[in-house]
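Please look over the sequence and the structure shown below before reading on. The report that follows takes up a pocket and then the surroundings of an RNA strand.

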Amino acid sequence: MKINITFPDGQTKPYEKGVTALEIASSISEGLARSVLTAKASGEVIDATLPLNKDAELQLLTWNDDGGKKAMWHSSAHLMAEALEVIYPGVKFGIGPPIENGFYYDIDLGEQTISEHDFKKIEEKMLELAREKNEYHRNEISKTDALNYFKEKGDEYKLELLHELEDGQITFYTQGNFTDLCKGPHIPNTGFIKAVKLTKVAGAYWRGDEKRKQLTRIYGITFPKQKELTEYLQLLEEAKKRDHRKLGKELELFTFSEKVGQGLPLWLPKGAALRERLENFMREAQKKAGYEPVITPHIGHKDLYITSGHYDKYGEDSFRPIKTPAEGEEFFLKPMNCPHHCEIYKSKPRSYKDLPIRLAEFGTVYRYEQSGELHGLTRVRGFTQDDAHLFCRPEQVKDEFKKVIDLVLYVFKALDFQNYTAQISLRDPKDKEKYMGGDENWEKAEIAIIEAAEEKGLKTVVEVGEAAFYGPKLDFMVKDAIGRKWQLGTIQVDYNLPERFELEYTGSDNQKHRPVMIHRAPFGSLERFVALLIEHCEGKFPLWLTPEQAAILPISDKYNDDAQNISQLLKNYDIRAFVDDRNEKTGKKIRDSEMKKVPYMLIIGEKEVENNTVSVRKQGEGDLGSFSIEKFATIINDEIAASTTKINN
RNA sequence: GCCGAUGUAGCUCAGAGGUAGAGCGCUUCCUUGGUAAGGAAGAGGUCAUGGGUUCAAUUCCCGUCAUCGGCUCCA
């Protein structure tokens with residue numbers, strides 16, 4: 001019997017029924033056969049060693065394919081499990097999947113513990129087992145036999161997983177002396193794994209449930225060549241150089257103090273100046289878009305949060321209330337600005353003609369985040385949102401929402417954030433208690449977001465269960481230097497707060513109506529935004545934002561006064577410059593300015609003073625030649641103008 | 001909050017059961033220099049913090065705090 005195999009280039013060839021992808025690869029070339037990890041047959045990724053029994057479109061997957069990598073790492077998780085079983089007899093296994101970069105396995109070591117100091121011996125054992133080139137054998141097994149196997153082994157985690165599977169679709173994979181419940185696919189044998197690096201150990205709750213037992217999770221990554229591991233490790237080193245915590249310290253943008261408290265950032269002068277420019281940029285953009293600035297206090301009465309629902313949801317997990325000494329009234333640090341803004345809306349009667357009303361505030365809010373979760377400027381306990389609340393008529397929602405999308409995209413474009421993901425976060429319909437408000441409001445809000453994003457042509461991913469407790473949202477997510485995803489811009493439609501605060505407007509029918517609220521923050525929080533900005537530009541900020549635009553470097557202290565004069569002149573052109581008048585050689589001053597990522601260096605010596613010029617050097621590029629001060633000012637201001645024109649078109 | 005690691009000078013880090021070191025930075029002096037590190041001298045540390053073991057602890061053990069990597073959470 002023959003079957004027809006169609007290759008990605010459209011060619012079709014007949015093969016014997018029962019042929020494996022690996023055999024097909026061998027028939028093409030030995031080299032190919034040596035690099036095939038798995039195969040995709042009619043859309044499904046399978047073992048390359050699995051017999052093919054019917055016509056199929058076949059794609060051979062190697063290390064260069066996602067499916068190949070995933071299988072490699074999945075098989076590596078099994079290999080690690082085998083090694084662990086040798087070193088830690090009696091270890092029990094949870095799950096061990098491949099992930100974006102490598103794999104992990106959750107294990108229960110009983111009384112034993114494991115730390116990074118133990119990695120070396122595990123890695124060595126893995127490599128030793130890999131060299132045995134043990135094949136990954138697939139076995140279909142009945143549920144009863146499978147249950148018996150893990151009962152005997154005493155692995156309650158695998159038993160729990162098994163109970164959820166149906167008989168007839170259970171497979172085991174065995175390599176060497178290790179057998180695991182697994183649906184595959186796997187690579188042909190362990191010999192493909194040539195380089196192993198265990199990266200971290202962490203506690204992880206069984207099935208992601210905080211209330212269940214915490215297992216030990218070991219992360220690792222493997223490669224088919226030692227060289228690729230070396231390259232990967234280098235890449236990680238490079239990424240660390242972009243880390244905003246490191247750059248923030250080096251460039252003197254922000255700091256933390258144990259005395260002030262964890263998660264409470266202190267903005268240093270350079271960081272504060274940078275942030276202020278960002279705020280002004282946003283103020284300008286919002287003014288054009290019809291927003292009205294408001295200002296509200298940092299605390300609010302407990303009743304405010306009872307009305308808003310925040311007290312119910314977070315009262316116990318927030319910072320403890322502040323009590324007035326005489327009356328014993330309770331106040332909370334504000335965790336959000338919306339309740340205050342709702343009260344501003346209510347300060348006078350509103351007509352349909354007034355809507356939409358757009359109230360904007362750089363509001364500083366405080367949230368008690370779990371201590372283990374704090375992280376540089378990206379996750380803090382006190383931060384400032386570029387917040388605004390739009391109160392509109394129901395028929396205005398979609399239009400307003402689309403305008404906000406435009407604003408967010410404008411901001412991202414201005415700061416060159418290209419690799420964002422637009423994520424629509426909906427509520428989890430199976431877990432309605434987590435959320436506030438009725439079904440009808442939720443449905444309206446979710447539909448409004450989906451339609452607005454669609455009409456704007458945004459490519460979105462939908463995440464169920466990620467909504468805020470009072471409404472669905474559209475978030476703009478960006479990755480940081482170490483690959484973690486963070487929410488920056490956010491837009492949220494809210495039918496619930498207007499109801500809780502009993503917001504109203506008088507319609508053209510002279511009846512009372514309920515407005516709809518849109519919460520939005522294009523930066524999200526200034527802290528987080530600046531953190532991501534630092535990482536994206538590696539501390540080399542756009543010229544209009546950067547703390548110091550130019551360093552003036554006198555060749556010797558004879559020219560210090562001339563340098564000061566030039567600094568004064570540049571101020572007239574709105575150029576931020578400082579004089580490095582240290583008693584150092586020019587080479588040293590240049591080096592230091594390069595390291596501090598100052599965009600321009602102006603070298604001043606005898607020639608320049610005589611000709612009334614400055615010698616211009618650009619960071620990362622080198623000498624540009626001599627220019628008059630006016631000319632230099634034009635260069636800078638043109639460069640800034642060019643970036644702004646680019647944004648506006 | 002949970003699991004694991006870490007905490008030594010302003011920064012980056014070395015060190016050892018007998019009370020501490022380097023490089024950079026800082027101060028002073030010499031040098032007055034032309035596009036990525038000129039030279040010398042000096043100041044600077046309750047070795048995170050509280051307790052325990054010991055003749056002796058910064059070093060070993062325990063608690064606390066903070067930081068780092070994950071987990072959970074994230075208005």
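## A pocket and an RNA surface

In this predicted model, the second largest pocket holds about 890 Å³ of space. Strand S14 (195–205), strand S15 (214–223) and helix H7 (226–242) are the elements that each give two or more residues to its lining, and H7 gives the most, with six residues. The lining consists of 20 residues, and those nearest the centre of the pocket are Asn 101, Lys 200, Tyr 232, Leu 236 and Ile 482. By type, the lining residues divide into nine nonpolar, four polar and seven charged. Because domain 2 (67–239) and domain 3 (254–537) both give residues to this lining, the second largest pocket lies between them.

In total, 56 residues surround RNA strand B, the closest being Gln 214, Met 336, Ser 371, Glu 373 and Ser 615, and they divide into 17 nonpolar, 17 polar and 22 charged. Of the RNA strand B atoms within 4 Å of the protein, 52% belong to sugar or phosphate, while the rest belong to bases.

The table lists side chains with an N or O atom facing a sugar or linking oxygen of RNA strand B, with the distance for each pair.

| Side chain | Distance to a sugar or linking oxygen of RNA strand B |
|---|---|
| Tyr 219 | 3.1 Å |
| Lys 558 | 3.4 Å |
| Arg 617 | 3.0 Å |

Key:
Residues are numbered from 1 along each chain as its sequence is written. Chains are lettered from A and ligands numbered from 1 in the order in which they are written. This is a predicted model: local features need pLDDT of at least 70, side-chain atom pairs count only at pLDDT 80 or more; totals for chains, interfaces and linings use all residues. Side-chain values use heavy atoms; hydrogens and water are left out. A residue is near a molecule or strand if one of its heavy atoms lies within 4 Å of it. A polar contact is a pair of N or O atoms within 3.5 Å; within protein, one must be able to donate a hydrogen and the other to accept it, and residues adjacent in sequence count only if both atoms are side-chain atoms. Helices (H or I, at least four residues) and strands (E, at least two) are DSSP runs, numbered from the N terminus. Ala, Val, Leu, Ile, Met, Phe, Trp, Tyr, Cys and Pro count as nonpolar, Asp, Glu, Lys and Arg as charged, and the others, Gly among them, as polar. On a 1 Å grid over the protein atoms alone, a cavity is a set of points where a 1.4 Å probe fits but cannot get out, and a pocket is an open set with protein on both sides within 12 Å along at least five of seven lines; lining residues have an atom within 4 Å of a point. Grid points are joined across faces, edges and corners, and a volume is the space filled by probe spheres set on the points. Domain bounds come from an automatic or database domain assignment.
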